[in-house]
Amino acid sequence: MELERLVGEARERELRPMPARERLVATGFALSFLVAAAAVAWFVPSNRSADPVLLVTLLVLGAVARRVRFEIGAHIAFPDQLIFIPMLILAPLPVVPLLAMAAYGLAALPDLLRGRVHPDRWLYSVGDAWQSVGAVVVIAALAPGPLDSDKAWVYVLALVAECAVTVVLGVLNDYLVHGTSPLEAVWPTTLGCRIDAVLTPIAYMVAALGAKDPVALLGVAPLLWLLAVFSAERRERYAAALELNQAYRGTVMVLSDVVEAEDNYTASHCRSVVELAGAVADELGLDHRARQELEIAALLHDVGKIAIPNEILNKPSKLTDEEFDLMKTHTVEGQALLDRVGGRLARVGEIVRSCHERWDGRGYPDGLRGEEIPVAARIVFCCDAYSAMTTDRPYRKAMSREAAVEELRANSGTQFEPRVAVAMERVVWAFDSAADDPYADALRAVLAGSSMHSALEATPEPA
């Protein structure tokens with residue numbers, strides 16, 4: 001799910017113009033590369049003559065290799081190492097960075113002309129060629145002549161230099177553009193380097209054959225075609241997965257609309273619980289996948305109430321024991337409904353079923369205790385209760401925020417997981433210091449008691 005999300009976001013970004021910050025960073029990388037390439041062209045002595053036919057062949061093959069894209073989260077890996085190494089060994093070293101840049105630009109041209117990528121993105125065709133500079137400097141300094149098996153350590157060092165430049169620039173780009181911490185950005189940026197490392201021995205064999213007969217370079221074309229087939233299949237799988245995710249989101253919204261059509265009271269309450277649950281998830285540091293399931297469960301935790309008669313849902317007085325027993329079936333009904341949808345919503349259904357389980361095992365429908373309860377269900381239960389307490393109901397007035405927090409404290413360790421109750425309290429008191437936060441308006445609306453609750457049993461029971 002995480003990879004699919006990142007791929008989807010990356011595809012959407014390609015169609016949009018760069019934000020000012022990203023354009024500034026991409027321009028900086030592009031200009032700095034041009035300076036570095038000019039320095040290489042000026043200071044690195046030419047080690048071999050330039051054969052125009054060979055250079056054109058390398059340029060075209062490099063562009064073809066760059067057209068083969070493997071999406072890995074927010075990043076893209078290419079098998080262009082198969083052609084870059086022959087460039088490094090067969091072309092004059094001073095022109096290799098510019099040759100790599102030209103190949104990247106040529107590869108990007110079809111997508112730019114067809115509108116598949118926003119024109120802003122051409123800047124990356126220049127900046128991405130930075131990876132060639134490190135390898136050129138190492139080869140120029142230590143092994144500028146023909147391929148030599150005794151210089152294998154130099155070729156390994158050239159790969160290390162190439163990867164080091166790639167990782168540093170990738171981490172720097174993620175930090176400056178997206179605010180990703182360097183530690184988080186390192187791992188994704190090394191994925192392309194691992195592919196380069198795997199392809200490098202093959203690339204040197206291609207370069208060795210090409211040194212004897214440049215026509216032999218065309219022998220890499222079938223391999224590029226095979227990789228292109230695999231790449232296309234991978235793109236199609238991601239497209240299908242993203243389409244399925246969209247279908248799931250559509251199903252969630254349809255179910256939410258059904259709840260709203262059935263009972264506006266319940267729908268408004270569910271939306272408020274989503275806001276609270278998201279803030280608590282941030283406090284607890286839940287990962288994206290867990291948070292995604294949590295927010296869907298928070299939105300749909302009362303979906304089973306569409307099976308409960310309206311006269312019970314909207315009863316202005318305390319429910320009888322029989323009515324309360326019927327009300328308690330809404331969690332099971334909710335799970336059954338989501339099970340019929342299947343897939344990821346079936347997993348959400350397991351959370352919905354447990355959204356009224358208590359930490360001490362006295363909840364319903366299964367009497368789960370402690371860690372047996374899904375963490376998302378524990379969070380929804382606590383947020384559900386807080387929303388209920390701070391909402392006016394026909395049979396009682398809303399509690400103050402202070403009184404509701406005291407109830408959370410009093411029932412921590414019995415009704416609520418202590419860790420969740422503490423996080424919930426932090427979210428509540430963060431309201432006072434959130435005035436400058438872009439999330440503050442939504443949080444303020446929730447904590448001010450604007451949400452509505454739909455059923456008596458969501459209020460905390462006595463400890």
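I took helices (H or I, at least four residues) and strands (E, at least two) as DSSP runs, numbered from the N terminus. On that basis I find 20 helices and two strands in the protein.

**Entry 1**

I am working from a predicted model, in which local features need pLDDT of at least 70, side-chain atom pairs count only at pLDDT 80 or more, and totals for chains, interfaces and linings use all residues. Residues are numbered from 1 along each chain as its sequence is written, and side-chain values use heavy atoms, with hydrogens and water left out.

**Entry 1. Overall burial and contacts**

I looked up burial, where buried means under 20% relative accessible area, exposed means over 50%, and partly exposed lies in between (1.4 Å probe, protein chains only). Of the 463 residues of the protein, 48% count as buried. The accessible surface, taken from the Shrake-Rupley method with a 1.4 Å probe and, for residues, with only the protein chains shown as cover, comes to about 21600 Å². Carbon and sulfur atoms hold 63% of that surface. For contacts (heavy atoms within 4.5 Å), I considered those with a separation of 6 or more; residues 24 or more positions apart account for 72% of them.

I compared helix spans with the expected value, which is 1.5 Å times one less than the number of residues. Helix α9 covers residues 182–212, and its 31 residues reach 44 Å from first C-alpha to last, close to the expected 45 Å. I located a kink of about 40° in α9 at T200, shortly before the proline P201. The bend at a residue is the angle between axes fitted to the seven residues ending there and the seven starting there.

Helix α17 (residues 375–389) has 15 residues and reaches 22 Å between its end C-alphas, close to the 21 Å expected. Because 14 of its 15 residues are buried, α17 is largely enclosed by the rest of the structure.

**Entry 2. The cis peptide bond**

I checked the peptide bond from Y364 to P365 and found it cis, with omega near 10°. Most peptide bonds are trans. P365 sits in the loop between α16 (344–353) and α17.

**Entry 3. Salt bridges**

I counted a salt bridge where a side-chain nitrogen of Lys or Arg lies within 4 Å of a carboxyl oxygen of Asp or Glu. The structure holds 20 of these salt bridges. Side chains of opposite charge can pair when their charged atoms come close.

D111 forms a salt bridge with R67, with the closest N and O atoms 3.1 Å apart. The pair links distant parts of the chain, since D111 is in helix α5 and R67 is in the loop between α3 and β1, 44 residues apart. D111 is buried at 11% relative accessible area, whereas R67 is partly exposed at 31%.

E293 and R347 meet through their side chains in a salt bridge of 3.2 Å, N to O. This pair also links distant parts of the chain: E293 belongs to helix α12 and R347 to helix α16, 54 residues apart. I read E293 as buried, at 16%, and R347 as partly exposed, at 32%. Not counting residues up to four places away in sequence, E293 touches R347, V348 and I351.

D282 pairs with R291 in a salt bridge, the closest N and O atoms being 2.3 Å apart. D282 is exposed, at 52%, and R291 is partly exposed, at 22%. I also noted a network of salt bridges that links E371, R378, E417 and R419.

**Entry 4. R69 in its loop**

I then looked up R69, in the loop between α3 (52–66) and β1 (70–72). R69 counts as buried, at 17% relative accessibility. Leaving aside residues up to four places away in sequence, R69 touches E14, I76, A77, F78, S231 and R235.

**Entry 5. A nonpolar surface patch**

Patches are made of residues with over 30% relative accessible area and no salt bridge, like charges being joined within 9 Å and nonpolar side chains (Val, Leu, Ile, Met, Phe, Trp, Tyr) within 5 Å. I found a nonpolar patch of about 460 Å² made by L142, W153, V156, L157 and V160. Helix α8 (residues 152–178) gives the most to it, with four residues. V160 is placed in α8 and is partly exposed, at 49%.
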